[in-house]
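Here is a short report on a single structure. Look it over first, then read on for a few local features.

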Amino acid sequence: IVAAGAGLRDDDGDRIALDVKTGDRVLFGKWSGTEVTVDGKDLLIMKESDILGVIS
């Protein structure tokens, strides 16, 4: 994980914290996320729900 946001908001407007953090290594499906290029680096933007697991 290169960067992570603050998390989603529930129906009451309260934050739901993410289970992943910057620096985590994750597994995801082949067709997950959206590929982008930023400053010459290929990156993948995805929702936390697309993550299959965190590698320790």
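Which backbone nitrogen lies 2.9 Å from a polar atom of the side chain of Asp24? That of Lys21. The model is predicted.

## Asp24 and Lys21

The two residues are linked in a second way. Their side chains meet in a salt bridge, with an N to O distance of 3.1 Å. The structure holds 1 salt bridge.

Buried means under 20%, so Asp24 counts as buried. Lys21 is at 54% relative accessibility. The cut-off for exposed is over 50%, so Lys21 counts as exposed.

Asp24 sits in a loop. That loop runs between strand 2 (15-16) and strand 3 (25-28).

Which residues touch Asp24, leaving aside its neighbours within four places in sequence? Asp24 is in contact with Ile1, Asp19 and Val54.

Val2 belongs to the segment before strand 1 (8-9). Its relative accessibility is 69%. That value is over 50%, so Val2 counts as exposed.

Definitions and conventions: Residues are numbered from 1 along each chain as its sequence is written. This is a predicted model: local features need pLDDT of at least 70, side-chain atom pairs count only at pLDDT 80 or more; totals for chains, interfaces and linings use all residues. Side-chain values use heavy atoms; hydrogens and water are left out. Helices (H or I, at least four residues) and strands (E, at least two) are DSSP runs, numbered from the N terminus. Buried means under 20% relative accessible area, exposed over 50%, partly exposed in between (1.4 Å probe, protein chains only). A polar contact is a pair of N or O atoms within 3.5 Å; within protein, one must be able to donate a hydrogen and the other to accept it, and residues adjacent in sequence count only if both atoms are side-chain atoms. Contact means heavy atoms within 4.5 Å. A salt bridge is a side-chain nitrogen of Lys or Arg within 4 Å of a carboxyl oxygen of Asp or Glu.
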